[in-house]
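This note, for a reader new to the structure, concerns its covalent and charged side-chain links. Please read the numbered points beside the sequence and the model.

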Amino acid sequence: MKSRALVLGALAAVVLAGGYRAAIRPRAAPPSLYCRSGDPLVGVYHQSRLVVRSRCRVASGTVEVVKFEAYDGDVHVELRLDEGQSGLLSSGNDRLGGNLLLEIVPTDRARVPIPRVGSRIGVVGPLVDDTSHGWREIHPAWAISSGTIVPASAEELRRLRLLLSGAEGAAEEDDG
């Protein structure tokens, strides 16, 4: 009898505290099957400069720039967003011509295709504020709808391992 009273008391406390709706509300489905669980910034160099605004977002648009970064092995893609997605940008994105920056990290390059300039794509990944540059980006891009798979080279992966381990000076010395 006492255990039944305790259960009823606990339920009453949850209801009175306003947690009833939250306690029975089903969890919302992620916006894409490509959303990942766990740390959204796995494989990202200098994670501390990024502030996650949304664990997983979907965006679409036309690719305007594709650039391979030698330093950390990321591939930078500037995406001109389709109409109605301006909420994904910050005022800092004006420095990118109003584009959203996507970054494909070396550890994902064996499964995330690199799109061609001019192609229309969809992208999935965490939406972050880059506090070093002052703009918003999807970093890392977990899925891109079209492009060519270009795996990171052994050297790019080695350099990333050095950077992630904190051996930044060692990676810079290798540049000669």
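1. Salt-bridge network. Arg36, Asp108 and Arg111 are joined in a network of salt bridges. A salt bridge is defined here as a side-chain nitrogen of Lys or Arg within 4 Å of a carboxyl oxygen of Asp or Glu. By this rule the structure has 11 salt bridges. Side chains of opposite charge can pair when their charged atoms come close.

2. Basis of the values. The model is predicted, and local features need pLDDT of at least 70, while side-chain atom pairs count only at pLDDT 80 or more and totals for chains, interfaces and linings use all residues. Residues are numbered from 1 along each chain as its sequence is written, and side-chain values use heavy atoms, with hydrogens and water left out.

3. The disulfide. How many disulfides does the structure hold? It holds 1 disulfide, the term being used for a pair of cysteine sulfur atoms within 2.5 Å. The bond joins cysteine 35 to cysteine 56, with an S to S distance of 1.9 Å. The link of cysteine 35 and cysteine 56 is left-handed, with -80° about the S-S bond. Cysteine 35 lies in the loop between helix H2 (20-24) and strand S1 (50-68), and cysteine 56 lies in strand S1, so the pair ties together parts that are 21 residues apart in sequence. Helices (H or I, at least four residues) and strands (E, at least two) are DSSP runs, numbered from the N terminus.

4. Surroundings of the cysteines. Cysteine 35 and cysteine 56 are each buried. Buried means under 20% relative accessible area, exposed over 50%, and partly exposed in between, with a 1.4 Å probe and protein chains only.

5. A buried salt bridge. Arginine 136 and aspartate 129 meet through their side chains in a salt bridge, at 2.8 Å from N to O. Are these two residues buried or exposed? Both arginine 136 and aspartate 129 are buried.

6. A salt bridge within a helix. Glutamate 155 pairs with arginine 158 in a salt bridge whose closest N and O atoms are 2.8 Å apart. The two residues, glutamate 155 and arginine 158, lie in helix H3 (residues 154-164), 3 residues apart, about one turn of the helix. Glutamate 155 is partly exposed, at 37% relative accessible area, and arginine 158 is partly exposed, at 28%.

7. A further partly exposed pair. Glutamate 69 forms a salt bridge with lysine 67, and their closest N and O atoms are 3.5 Å apart. Glutamate 69 has a relative accessible area of 23% and is partly exposed; lysine 67, with 44%, is partly exposed.
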